[in-house]
Amino acid sequence: MQKLNNKRIIVGITGGIAAYKAAELVRLLHRYGADVRVVMTQSASEFITPLTLQALSGNPVHTSLLDTEAEAAMGHIELARWADAVVIAPASANFIAQMTAGLAGELLYAIVLATCAPVCIVPAMNKVMWENKATQDNILRLRQRQIKIFYPVRGEQACGDIGFGRMPEPETIAQKLTTLFQPGLLDGKQVLITAGPTREKIDPVRYLSNNSSGKMGFALTSAAVEAGASVTLIAGPVSQRTPERVRRIDVESAVEMQQAVLKVINTQTQDIFIACAAVADYRPQQVMKTKIKKTLSSPEETLTLQLTLNPDILMSVAALQQHVPFLVGFAAETDDLMANAKEKMRRKNLDMIILNDVANPAIGFNSDNNAVTVLGQALSLKLPVMSKQALSRKLISLIAEAYARKVPVGKKTSPT
Ligand code: C5P
């Protein structure tokens with residue numbers, strides 16, 4: 001049912017008796033997985049209350065261009081940029097005329113002018129007003145501007161007339177909206193990704209860590225979102241910007257990362273787990289409460305740090321009793337690449353492993369580019385050097401294909 005997962009839709013409501021049907025439209029879009037924001041004209045609030053729409057959309061309702069508080073939270077330009085699609089339902093004859101003229105005196109008109117997203121209007125009015133040459137001319141001009149018109153249907157109208165002018169049912173409008181978007185490879189799938197290094201405390205000011213920048217995990221996150229997945233990203237200490245539409249959880253140590261991963265999986269069944277983090281294998285056995293003093297007096301003396309083994313996050317997920325996600329691991333090797341990767345795939349019970357050659361300074365840790373070899377159950381594929389963004393898109397499509405092959409059609413791994 002997640003046909004609009006990750007999609008951001010503005011539902012514009014104008015003043016007309018069909019405004020009550022917009023409530024059902026908002027509810028349906030929300031159920032299809034869309035993030036919905038409602039924008040109402042002044043006259044729309046005479047027909048339906050913003051409070052109803054706020055409850056159904058789960059977001060504050062926007063009503064005024066001149067409300068400084070609302071503009072500060074999310075201004076009209078920001079809203080216009082935020083949207084993947086704008087649908088005006090119902091669109092009154094007055095709204096259609098003002099939109100055709102390019103007026104921007106109210107918030108909804110300003111958004112329609114400022115957005116680059118597809119705009120659909122769903123006219124609903126008395127049949128004579130609809131058939132009027134002025135309205136029909138306006139509709140023609142809007143069509144010439146690539147505005148999509150979801151045409152009114154024939155039926156009995158609120159005023160008692162019978163004819164064309166009725167707003168189509170919300171289900172029909174919602175279905176039509178889904179056709180605006182290309183189906184994504186991971187539509188409606190839950191994907192969990194770990195990224196970056198972990199930091200293992202030695203004392204209050206020192207730690208053990210590694211060279212991971214998190215770039216690959218963050219690029220994979222963006223690619224998974226692009227493919228329609230709901231992504232949770234668990235990140236070690238990195239300075240990467242969180243991609244849009246992602247739930248990010250920040251952690252420091254391997255133990256914290258493992259706890260966060262298991263908590264996410266226990267709260268919401270995950271379809272795919274991509275372990276991209278460079279988790280520290282060891283942590284100091286004891287974290288000193290105060291800073292370790294410089295007590296050595298010559299280079300011949302040594303200071304010993306006792307280390308203990310960190311939990312293997314991938315293995316702990318593979319060992320879960322039920323709902324084990326499709327498991328993707330990474331192998332950063334400097335020697336005997338293939339043999340090591342194959343052994344890791346078997347030992348960690350993985351569905352797929354992505355092999356990095358970290359001995360090559362042109363790729364891997366901290367670099368913007370990478371080249372990998374992908375090993376799966378029936379797959380061995382070498383991908384040439386390319387940007388981590390381009391590589392991530394390829395990897396996500398390989399993961400999606402392998403996941404679809406593993407999960408038979410019709411069988412769902414996560415409850416809906
Ligand atoms: O054993 P190694 O560290 O080489 O395995 C790398 C893969 O295992 C990566 O996918 C990494 O994210 C994951 N890993 C893990 N927990 C660890 C160590 C590695 O999940 N403690």
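Mentor: Let's start with an overview: the chain has 14 helices and 19 strands, where helices (H or I, at least four residues) and strands (E, at least two) are DSSP runs numbered from the N terminus. This is a predicted model, in which local features need pLDDT of at least 70 and side-chain atom pairs count only at pLDDT 80 or more, while totals for chains, interfaces and linings use all residues. Residues are numbered from 1 along each chain as its sequence is written, and side-chain values use heavy atoms, with hydrogens and water left out.

Trainee: What makes a residue count as buried, and how many of the 416 residues do?

Mentor: Buried means under 20% relative accessible area, exposed means over 50%, and partly exposed is in between (1.4 Å probe, protein chains only). By that rule, 48% of the 416 residues of the chain are buried.

Trainee: Which residues does Leu 327 contact, leaving aside neighbours within four places in sequence?

Mentor: Contact means heavy atoms within 4.5 Å. Among the partners of Leu 327 are Phe 273, Leu 314, Val 317 and Asn 349.

Trainee: Asn 349 is on that list. Is Asn 349 buried or exposed, and how do you know?

Mentor: The relative accessible area of Asn 349 is 54%. Exposed begins over 50%, so Asn 349 is exposed. Asn 349 sits in the loop between α13 (337–347) and β17 (352–357), and has a positive phi of about 60° although it is not a glycine.

Trainee: Which other residue has a positive phi although it is not a glycine?

Mentor: Gln 146 has one, with phi at about 70°. Gln 146 belongs to the loop between α8 and β5 (148–149). Its relative accessibility is 61%, so Gln 146 counts as exposed too.

Trainee: Now the helices. How are two packed helices described?

Mentor: They are described by the angle between their axes and the distance between the axes. Axes are lines fitted to C-alpha atoms, for helices over the stretch in contact, and angles run from 0 to 180 degrees between N-to-C directions.

Trainee: How do the axes of helix α5 and helix α8 meet?

Mentor: The axes of α5 (residues 93–101) and α8 (residues 133–144) come within 9 Å and cross at roughly 50°. Angles under 35 degrees count as roughly parallel, over 145 as roughly antiparallel, 65 to 115 as roughly perpendicular and the rest as oblique. The angle therefore makes α5 oblique to α8.

Trainee: Is the crossing of α5 and α8 left-handed or right-handed?

Mentor: The crossing of α5 and α8 is left-handed. A crossing is left-handed if the near helix is turned anticlockwise from the far one by less than a right angle, and right-handed if clockwise. Residues making this contact include Ile 96, Ala 97 and Thr 100 of α5 and Asn 138 of α8.

Trainee: How do α5 and helix α6 pack?

Mentor: α5 and α6 (residues 107–114) pack at an angle of about 45°, with their axes 10 Å apart. The two helices are therefore oblique to each other, and the crossing of α5 and α6 is right-handed.

Trainee: Which residues of α5 and α6 make the contact?

Mentor: Asn 94, Phe 95, Gln 98 and Met 99 of α5 make it with Leu 108, Tyr 109 and Val 112 of α6. These divide into five nonpolar, two polar and no charged residues. Here Ala, Val, Leu, Ile, Met, Phe, Trp, Tyr, Cys and Pro count as nonpolar, Asp, Glu, Lys and Arg as charged, and the others, Gly among them, as polar.

Trainee: Where is Gly 165 found, and is Gly 165 buried or exposed?

Mentor: Gly 165 is in strand β7 (residues 162–166). With a relative accessible area of 3%, Gly 165 is therefore buried.
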